[in-house]
Amino acid sequence: MNENILGLEGRRVLVTAGAAGIGLHIAEAFRKAGARVMVTDINPKVVEQARTAGFIAEVNDVSDEKQVTELAEQVREAFGGLDVLVNNAGIAGPTGPVSTLDSEVWKQTFDVNVHGQFYCIKHLLPLLRQGHQASIVNLSSAAGRLGMAGRSPYSASKWAVIGLTKTLAIELGAESIRVNAICPGAVNGPRIESVIEAKAEMLGQPVSEVSALYHGQSSLNRLVEPEDIANMAVFLASSMASNVNGQAMAVDGNTEKLY
Ligand SMILES: NC(=O)c1ccc[n+]([C@@H]2O[C@H](COP(=O)([O-])OP(=O)(O)OC[C@H]3O[C@@H](n4cnc5c(N)ncnc54)[C@H](O)[C@@H]3O)[C@@H](O)[C@H]2O)c1
């Protein structure tokens with residue numbers, strides 16, 4: 001991507017769960033585009049690594065509203081306002097048939113994946129209102145537009161993200177704040193390996209067979225790379241997407257069925 005046509009130079013960006021995984025790739029892509037990037041993560045170890053890599057980085061749990069109010073204060077101190085919020089934090093949740101799921105673990109999945117995005121939007125909105133061409137990018141999933149057997153809390157939470165995105169695109173559109181979602185397919189990395197292992201255990205099948213099914217979910221017969229998600233996040237926040245609002249953008253190589 002030609003960084004100069006993105007209009008992201010000097011823009012102030014916050015990426016939640018941005019010190020590891022897909023979030024770190026998103027943070028790096030925004031930095032490459034000339035943005036000023038802050039990341040937050042629940043894990044102090046990866047936050048320290050992000051600081052070493054030159055990011056402004058703070059430890060926060062997005063599922064704890066009080067910690068999100070503190071995060072908003074940290075962003076205000078660091079940047080004085082905010083132009084882009086990337087709501088990336090999300091957990092895989094439990095794997096199993098619905099009757100076996102622990103209700104507390106179900107709630108925990110929503111606490112991070114849905115309530116966390118709500119808290120961040122609510123408490124960072126005053127700073128986004130002071131921002132320049134502000135926008136919000138929410139991480140949903142292919143499981144946010146398709147069903148996924150054995151992953152009901154995750155899938156339900158990611159459908160909720162799309163409902164939140166489409167609703168806020170209308171509400172905040174009047175203030176020229178755009179809100180979009182990204183729906184990644186299975187992304188190459190450590191998390192998908194543990195998801196595949198849990199699914200193999202549930203189905204009683206070899207990990208290699210379930211892994212092949214996950215690759216075959218995409219018409220391209222391969223996993224999505226974290227850079228693909230970062231590219232979409234940068235595009236959605238850029239001036240190239242100035243008329244893109246309320247969309248759930250699939251980055252999944254074309255996926256019609258999930259295992
Ligand atoms: N990995 C995939 O295949 C995939 C596919 C579709 C969608 N997604 C979505 O993309 C996003 C990022 O996924 P990932 O694979 O990089 O995740 P990951 O499991 O690798 O976690 C990335 C980071 O999130 C942090 N985190 C966890 N809970 C947090 C909390 N409460 N507050 C702050 N930080 C927290 C972790 O400490 C970790 O550093 C998630 O929303 C996920 O649901 C991932």
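Tutor: Strand 2 (residues 36–41) and strand 3 run parallel and are joined by four bridges. Helices (H or I, at least four residues) and strands (E, at least two) are DSSP runs, numbered from the N terminus, and two strands pair if DSSP finds at least two bridges between them. Within this pair, Val-39 has Ala-57 of strand 3 as its bridge partner. Please note that this is a predicted model, in which local features need pLDDT of at least 70 and side-chain atom pairs count only at pLDDT 80 or more, while totals for chains, interfaces and linings use all residues. Residues are numbered from 1 along each chain as its sequence is written.

Student: What order do the strands of the sheet have?

Tutor: Strands of a sheet pair through backbone hydrogen bonds, either parallel or antiparallel. Here seven strands form an open sheet with parallel pairing, in the order 3-2-1-4-5-6-7. Strand 3 (56–59) and strand 7 (248–251) each have a single partner strand, so one side of each is left without a neighbour in the sheet. On average, neighbouring strands of this sheet are turned by 20 degrees against each other, direction ignored.

Student: How many bridges does strand 4 form with strand 5?

Tutor: Strand 4 is joined to strand 5 by four bridges, and the two run parallel; Val-86 stands opposite Val-137 in strand 5. Strand 4 also pairs with strand 1 in the parallel sense, over three bridges, and there Val-15 is opposite Val-86.

Student: Which way do the residues of strand 4 point?

Tutor: In a regular strand the side chains alternate between the two faces of the sheet. In strand 4, Val-84 and Val-86 point one way, Leu-85 and Asn-87 the other way, and all are buried. A residue is buried if 20 or more other C-beta atoms lie within 10 Å of its own, exposed if 12 or fewer, and partly exposed in between, with C-beta atoms placed from the backbone.

Student: Which strands does helix 3 lie across?

Tutor: Helix 3 lies across strand 1 (12–16), strand 2 and strand 3, and runs at about 160 degrees to strand 2. Helix 4 also packs on the sheet, where it touches strand 1, strand 4 and strand 5 (135–139), and its direction makes about 175 degrees with that of strand 4. Axes are lines fitted to C-alpha atoms, for helices over the stretch in contact, and angles run from 0 to 180 degrees between N-to-C directions. Two residues are in contact if their C-beta atoms, placed from the backbone, lie within 7 Å.

Student: Is Ala-50 buried or exposed?

Tutor: Ala-50 counts as buried because 26 C-beta neighbours lie inside 10 Å. Ala-50 belongs to helix 2 (residues 44–52). Not counting residues up to four places away in sequence, Ala-50 touches Ala-19, Val-39, Phe-55 and Ala-57. Between Ala-50 and Val-39 the C-alpha to C-alpha distance is 7.8 Å, at a separation of eleven residues in sequence.

Student: Where does Gly-81 lie?

Tutor: Gly-81 is in the loop between helix 3 (65–79) and strand 4 (84–87). Gly-81 counts as partly exposed because it has 16 C-beta neighbours inside 10 Å. Leaving aside neighbours within four places in sequence, Gly-81 is in contact with Arg-12, Leu-127, Gln-130 and Gly-131. Gly-81 and Gly-131 are 50 residues apart in sequence, yet 5.7 Å apart in space, C-alpha to C-alpha.

Student: Is Gly-204 buried or exposed?

Tutor: Gly-204 counts as exposed because it has 6 C-beta neighbours inside 10 Å. Gly-204 is in the loop between helix 6 and helix 7 (207–216).

Student: Which residues come nearest to the ligand?

Tutor: Of the 28 residues around the ligand, the nearest are Ala-17, Ala-20, Gly-21, Gly-90 and Val-187. A residue is near a molecule or strand if its C-beta atom, placed from the backbone, lies within 6 Å of it. Helix 1 gives the most to this shell, with three residues.

Student: How many helices and strands are there in the protein chain?

Tutor: The protein chain has eight helices and seven strands. Buried residues make up 47% of its 259 residues.
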